[in-house]
Amino acid sequence: MSPDNEQQPRQPELPVALPVAWSSDPVNPQVNRLFDSSTETNRTSFSTPSPAAGPRRQVGRRQLHRLQASLSDRDREVINLIAVHRYLTTRQVEAFCFHDHASPVSGARSARRVLRRLQEQGLLKPLERRVGGIRAGSASYVWQLGSVGHRLLRAGSNAKRTHEPSPRFLAHCLAVADTHISLLATERSGDVRSVFVECEPECWRPFTGPSGERRVLQPDLFLITKQDSYLDRWFIEVDLGTESINTLLRKCAQYEDYRRTGVEQSSAGAFPLVVWQLPTQERISRLADAIARSTTPLPELFRFVLPDGLAPLVIRGAA
DNA sequence: TGCGGTACATGCGTTTACGT
DNA sequence: ACGTAAACGCATGTACCGCA
C-alpha cells in the first residue's frame, strides 16, 4: 500500500492516469458526451400526446430542436444509456436512472412513465418480441432508440432503420448492461470509492497486429476502479456460453497481441486485467485449461468469475 | 402542467399440488 | 410419469393526490 498523495498503482504494471471523468456523474460520462450539453433544462415541458395518439410520425428540424431543448437531464441520460447499450429492459433503465426514489415501486412507476413519454415522442421504441400480454406479463419491455432518438443523437441526420435483433445478440447486450449495473452498484454501496465504466464502442482499441494488419480489440466494457489511493483497470468480457471455447481462446490471443504493442502500458502505465465473466464453473475451468495449454496468451493476464463474482473481484482489486 | 408517490387491478408466465 | 388447474410472482396499467 502506498501513501494517498502518490496515487500509485496497486501493481507495478497498473496505471496512474486518471480517466476523463469519474462516475460522480449519475451514470457514465460517455453517456453524457453523446448529447449536446448546451441545454440546461431539468424538467420536461414538451406537450405529450395522449397514449392513444401513438408516436409522432413527422418531426421537422425545428421541432427536433425544440424537443431536444425540452428534455430533462434524466431524459437525456435514459436516451444515451439506451444508445450506448443498444437495448435496455425497463428494469435496467430503473436500475440506472431511477434507483434513488423513495421506494423501488415509485422508481419503477416513474421509469415506466418516463419511458412511455419518450416513446410517445418517438425517441424510444420497445421491441416487439416481448414475453407477456398486451397489458402486462412476466418480462420487461426491451427498449431501443426510436427514429427521432436516432436523429437527435446524429445531429439531425436521417434516422437509422432499426430491426429486431437476434435473441443471442439481444441477450448479450442485456447481459453487458446487467454487468454495468452491478459495477455501478458497488460504487453506490460504497465498497469501491469510484467507478468509471466505458462501453462499446468507446472502449474499443484499434491496433496494428503482428503482421502489420489493422485490428480492433473489442472488449464488452472497460473499467477503472479507484480504491483508497489505487487505480485498477479492467477489460470485461461477458460470455453467455454461446461461443465455443476456441472462439474465446482466439479473443484471449487478441488481448495478448494488443498487450505486446505496449500501447496501453505507455499511455496508462500498465496493461489492464482481462476479466472473463462466464455462466458456469465448468466453463471457467474449460477456458482456464485452454489458456494454460495454449502458448499464446499469458495466463496471469486473465481472471475468471461467475456473474455474481465480478463485484467482489473489483472490490478486492487487481492485486 | 408535469412529476413523484401510493394503491389497486390486470393478465401473462412459472411453479406447485393434485388426480389419473 | 404425465397432464391439468390453482396459486403465485411479476411487470405493467389506471386512478388519484400532493407538490413545485
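I started on helix H2, on the side where Arg62, His65 and Arg66 are exposed. I am working from a predicted model here.

Next I turned the helix around and looked for what is buried. I found Leu64, Leu67, Gln68 and Ser70 as the buried residues of H2. Looking down the axis of H2, I see these buried residues fall within an arc of 165°, so they line one face of the helix. I then checked their partners: the buried residues of H2 pack against H3 and H6.

From there I moved to the largest nonpolar core, which has 25 residues. Which members touch the most others? I noted Val78, Ile82, Leu118, Leu123 and Leu124. Several elements supply at least two residues each, including helix H2 (61-70), helix H3 (73-85), strand S3 (142-145) and helix H7 (167-188). Domain 1 (29-165) and domain 2 (169-316) both contribute residues, so I place this core between them.

I also looked up Leu118 by itself. Setting aside neighbours within four places in sequence, I have Leu118 in contact with Leu71, Asp75, Val78, Ile79, Leu123 and Leu124.

Phe222 sent me on to the aromatics. I count eight aromatic pairs. Ring pairs join Phe207, Phe222, Phe235, Tyr255, Tyr258, Phe271 and Phe302 into a cluster. What sits over the ring of Phe222? I found the charged end of Arg205 there, 4.5 Å from the ring centre.

Methods
Residues are numbered from 1 along each chain as its sequence is written. Chains are lettered from A and ligands numbered from 1 in the order in which they are written. This is a predicted model: local features need pLDDT of at least 70, side-chain atom pairs count only at pLDDT 80 or more; totals for chains, interfaces and linings use all residues. Side-chain values use heavy atoms; hydrogens and water are left out. A nonpolar core is a set of buried Ala, Val, Leu, Ile, Met, Phe, Trp, Tyr and Cys residues joined through side-chain atoms within 4.5 Å. Buried means under 20% relative accessible area, exposed over 50%, partly exposed in between (1.4 Å probe, protein chains only). Helices (H or I, at least four residues) and strands (E, at least two) are DSSP runs, numbered from the N terminus. Domain bounds come from an automatic or database domain assignment. Contact means heavy atoms within 4.5 Å. The arc is that of the directions from the helix axis to the C-beta atoms. Rings of Phe, Tyr and Trp (its six-membered ring) pair if their centres lie within 6.5 Å; planes under 30 degrees apart count as stacked, over 60 as edge-to-face and the rest as tilted. A charge sits over a ring if NZ of Lys or CZ of Arg is within 6 Å of the ring centre and within 35 degrees of the ring normal.
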